[in-house]
Amino acid sequence: MTQGLLVLWIVSSLAIVFETRTYRLIIYFSIFSLITSVAYFLLGSPDVAMAEAAIAAFASIFFIICIEKYYSRKENVEKDSAKGESLARKAVKAVPALVLCVGLFFLVIYFIPGIEPSHYLKHLYLQRFMTDVGGENAVTAIYLGYRVYDTLFEALILVIAVVAVTHMSYSEKTQVADGSHSEIETSRVAALSLRIICPIIVAFGAYLIINGHISAGGGFQGGLALATFFICRYMVYDIYDISVKNVLQWEEFIFAIIIVVTAIAVFLGAATYMPAAIVPIYQSVYLIIMNLLIGLKVACAFFVLFYRYITIERE
Amino acid sequence: MGIENIWQLIGNIIIGFGVFCMIFGAVSLFVLKDFYPRILVASKIDTVGLLSFVIGFAFRHGLSFFTGKLFIILIIMLVLNPFVAHILARSAYRSGHELAAEAEEGEKS
């Protein structure tokens, strides 16, 4: 069953790569996401499957709206690039669509009703994560142990998003943090309440990061809590005195350190299947360092996003 | 009736008061038609309802580590809920949102 899905997966990804017409590309993309979500469901993780399906539904509608707007603005753009091709090429291009249609049809008719999701991987992880990666939180064990390369790419995506926002909203005026205040007068009630809350927020973020491998939490959540502190700081003092550029450089620097630490840990055997000879304290040190770095990086990223939007509003 | 039962009774009464506040707040959210009264009622649900729930649970449970956690939640909510309502009402006022009655008077005069 899963093998058949994976074959369809390969076919749809090949179709995405070789397709040149945008509308069909979007449809292939949503088919790809559908197959992905069914595969996630079969592997025993219905939450990820739901997220994938929702993102695919949203993204395909969004892409289609964008393309409609683009073509309505530029009417001279040639819509169909596949004119004047030979019949054989057209037939070859129709093959993946045909395979996908037939495959999805049989999938829906015969296999989807009454299928049992497999919990093999889940049980395997829950049995072995304490000896393999260490810590007591299985989520941390997965995202810093079994799936550490995925975590790297997730962090990279955040860096790319922040760089894109700062690049696209670039302006000469706001490059220097001159300590200027905005024209809106601050509310004293808000300032007083936030001064009471801020230490609790910082303590909570630090707790989430440092205790992330034992209880619920981790680098991403703790980093968000730390970034909330900077938003509160801005709301209290209403001052623009930290340069976005420097913080962005810090974020990239921390990301480089994360890559180096991951590489070292993988070579020493901490992140992958760890031999039993290595002491458990070593695993905990690895998890705490990674959580700390990821937390600082996420805090820097969201700080940059927040200050960037403030300065856009001021211009 | 033992002393523990009396604590349980006091806790139940306070939780009942919280339920009363929450139900009337939820009803009046639909009855009231304007923005500022709705903010008033919503902050009342959050503050009075939640506070009486937390205090009632603390009475029912007795003095322990759990009660300490409850009081941390209580202090945070005591600060945060009025703050949220204040920020909402303030930004609505600053951006020029008017009461429906006042807007009608302004049109007449």
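pLDDT is the predictor's confidence in each residue, from 0 to 100.

**Entry 1: confidence**

I noted that this is a predicted model, so I looked up the confidence before anything else. Chain B as a whole averages 85, and 93% of its residues score at least 70.

Confidence in chain A is lowest in strand 1 (residues 180-181), with a mean of 72, and highest in helix 8 (residues 188-210), with 88. I wrote a reminder: where pLDDT is low, the predicted coordinates should not be read in detail. For the complex, the predictor gives an ipTM of 0.71 and a pTM of 0.70.

**Entry 2: helices 1 and 2 of chain A**

I looked up how helix 1 (residues 2-18) of chain A packs with helix 2 (residues 22-42) of chain A: the angle is about 160 degrees and the axes are 9 Å apart. Angles over 145 degrees count as roughly antiparallel, so this pair is roughly antiparallel. Among the contact residues are A:Leu5, A:Leu8 and A:Trp9 of helix 1 and A:Tyr28, A:Phe29 and A:Phe32 of helix 2. I recorded the crossing of helix 1 and helix 2 of chain A as left-handed.

**Entry 3: between the chains**

Next I took helix 8 of chain A and helix 3 (residues 65-94) of chain B, which pack at about 140 degrees with axes 10 Å apart. This crossing is left-handed. On the chain A side, the residues that meet helix 3 of chain B include A:Val189, A:Ser193 and A:Ile197. On the chain B side, they include B:Ile76, B:Phe83 and B:His86.

**Entry 4: helix 5 of chain A**

I checked the length of helix 5 (residues 120-132) of chain A. At 1.5 Å a residue, its 13 residues should span 18 Å, and the end C-alpha atoms are 17 Å apart, which agrees. I also found a kink of about 35 degrees in helix 5, centred on A:Leu126. Just after helix 5, A:Gly134 takes a positive phi of about 100 degrees.

Conventions:
Residues numbered from 1 in each chain as written. Chains lettered and ligands numbered in written order. Predicted model: local features only at pLDDT ≥ 70, side-chain atom pairs only at ≥ 80, totals over all residues. Helix = DSSP H or I, 4+ residues; strand = E, 2+ residues; numbered from the N terminus. Expected span 1.5 Å × (residues − 1). Bend = angle between axes of the 7 residues up to and from the residue. Axes fitted to C-alpha atoms, helices over the stretch in contact; angles between N-to-C directions. Parallel < 35°, antiparallel > 145°, perpendicular 65-115°, else oblique. Left-handed = near helix turned anticlockwise from the far one by under 90°. Contact = placed C-beta atoms within 7 Å.
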